[in-house]
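Keep the viewer open as you read.

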Amino acid sequence: QVQLVESGGGLVQPGGSLRLSCAASRSTFNIYDITWYRQAPGKQRELVARITSGGSTHYADSVKGRFTISRDGAKNTVYLAMNSLKPEDTAVYSCNAEQTIVGVRYVYWGQGTQVTVSS
């Protein structure tokens, strides 16, 4: 079992920055692929950024060049640095850990953190 705790959300003005953290309860977190998702009111959940256990990254087109995902293995934490924030980035951001181990799919979710971009 892996528990994920997100933090770092809040209210920021357009053009501002935030850094979200996804902290895991176990060091085996480092073998998981970690994905940040977001869901705005009335909209479907969408993938924002992913980092694999090997360090490969993938971004949604809407955040490329503005968001950066990274992981600190020593701290069992994945970060999402968000720059040049726009009102349309407003959503609940959640992190997800997934991996298949010996044929069994493991999936864990955090509780989410609210990001509001508004003047």
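## The cysteine pair

Cys22 and Cys95 are both buried, where buried means under 20% relative accessible area, exposed over 50% and partly exposed in between (1.4 Å probe, protein chains only). This is a predicted model, in which local features need pLDDT of at least 70 and side-chain atom pairs count only at pLDDT 80 or more, while totals for chains, interfaces and linings use all residues. Residues are numbered from 1 along each chain as its sequence is written, and side-chain values use heavy atoms, with hydrogens and water left out.

How far apart are the sulfur atoms of Cys22 and Cys95? They sit 2.1 Å from each other, and the two residues form a disulfide (a pair of cysteine sulfur atoms within 2.5 Å). The link ties together distant parts of the chain, 73 residues apart: Cys22 is in strand β3 and Cys95 in strand β9 (residues 91–101). Strands here are DSSP runs of E, at least two residues, numbered from the N terminus. With 70° about the S-S bond, the Cys22–Cys95 link is right-handed.

## Ser21

Ser21 belongs to strand β3 (residues 18–24). It counts as buried because its relative accessibility is 14%. Skipping neighbours within four places in sequence, Ser21 has contacts with Val5, Glu6, Ser7, Trp36, Thr77, Val78 and Tyr79; contact means heavy atoms within 4.5 Å.

## Two loop residues with positive phi

Asn76 isn't a glycine, yet its phi is positive, about 50°. You'll find Asn76 in the loop between β7 (67–72) and β8 (77–82), and its 15% relative accessibility is why it counts as buried.

Ser84, also not a glycine, has a positive phi near 50°. Ser84 lies in the loop between β8 and β9 and is partly exposed, at 42% relative accessible area.

Note on methods:
Helix = DSSP H or I, 4+ residues; strand = E, 2+ residues; numbered from the N terminus.
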